[in-house]
Amino acid sequence: MKGKVIFIGAGPGDPDLVTVKGRNVIEKADVIVYAGSLVNKEVLNPRKEDCVVYNSAVLNLEETTEICREATSKGQLVARVHTGDPSIYGAIGEQIRELQKYDIEYDIIPGVSSLFGTASVLETELTLPEISQTVIITRPEGRTPKPRSESISSLSKHQATMCIFLGIGMIDKVVDELLVGYSEDTPIAVVKKATWDDQEIIRGTLNNIAQKVKDANITKTAMIVVGDVLNPGDFTPSKLYDPNFKHEYR
């Protein structure tokens, strides 16, 4: 029997936010490879007693591929568990490419992105009418290069809602780039470990957020959200529930 690898989005942290489909696979898996530095280990609790678990935080691409190759060659089911949704900065593209080399079957189960976990704890709609109808998902350039046209400074000129992954460790640089397009009084929020029991929320403006982040000693595992949707004041409601507007999407 041929085995399979299933990529699972584990959600932002709260173990109850993994999908039912994802949990069902975790329950059945013979082998689990999970992103141990990011995934709440409680997500793995439903696993079988004899399930073999590997923490990918200490593995490289070749090693994780070999684990998957060996397990699937025995007809086993491998759950490859990523934080949030694996399609955003999940590095699954390179893993899929390796699986294809060995003709290993795979599926992908989406998860609740940390972006949406962050929006939920901020109690914020990211797309408010006449405030912002666009969400930009990006990250600053670090060891992973970016196209010049996708720099934060370039994207800031749209003044849309921007959600920045993997940028908290360079908060000063991020703020400097955001100020190219946004004003100093633009609201911004930083959420560390959204939906976890020990989550932290810091709110401010581009003028003061960097110092607030430093004072809180937040250096990793945090999402940055910037835009007027965070403090919109009065705004025009959408047409979705307007009594004079009829359509099919309510």
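T124 is located in the loop that connects α4 and β6 in this predicted model, where local features require pLDDT of at least 70, side-chain atom pairs count only at pLDDT 80 or more, and totals for chains, interfaces and linings use all residues. Residues are numbered from 1 along each chain as its sequence is written, and side-chain values use heavy atoms, with hydrogens and water left out. Helices (H or I, at least four residues) and strands (E, at least two) are DSSP runs numbered from the N terminus. T124 has a relative accessible area of 15% and is therefore buried (under 20% relative accessible area, with exposed over 50% and partly exposed in between; 1.4 Å probe, protein chains only). Leaving aside residues up to four places away in sequence, T124 touches A119, V229 and L230 (contact: heavy atoms within 4.5 Å). The T124 side chain also reaches the backbone oxygen of L122 at 3.0 Å.

The open sheet consists of five strands in the order β6-β7-β10-β8-β9, with mixed pairing; two strands pair if DSSP finds at least two bridges between them. Because β6 (135-138) and β9 (200-205) stand at the edges with a single partner strand each, one side of each lacks a neighbour in the sheet. On average, neighbouring strands are turned by 15° against each other, direction ignored. Strand β8 (residues 187-192) pairs with β9 in the antiparallel sense over six bridges, and V191 has I201 of β9 as its bridge partner.

Helix α4 (residues 114-121) packs on this sheet and touches β6, β7 (161-164), β8, β9 and β10 (222-226). The direction of α4 makes about 65° with that of β10; axes are lines fitted to C-alpha atoms, for helices over the stretch in contact, and angles run from 0 to 180 degrees between N-to-C directions.

Notes: A polar contact is a pair of N or O atoms within 3.5 Å; within protein, one must be able to donate a hydrogen and the other to accept it, and residues adjacent in sequence count only if both atoms are side-chain atoms.
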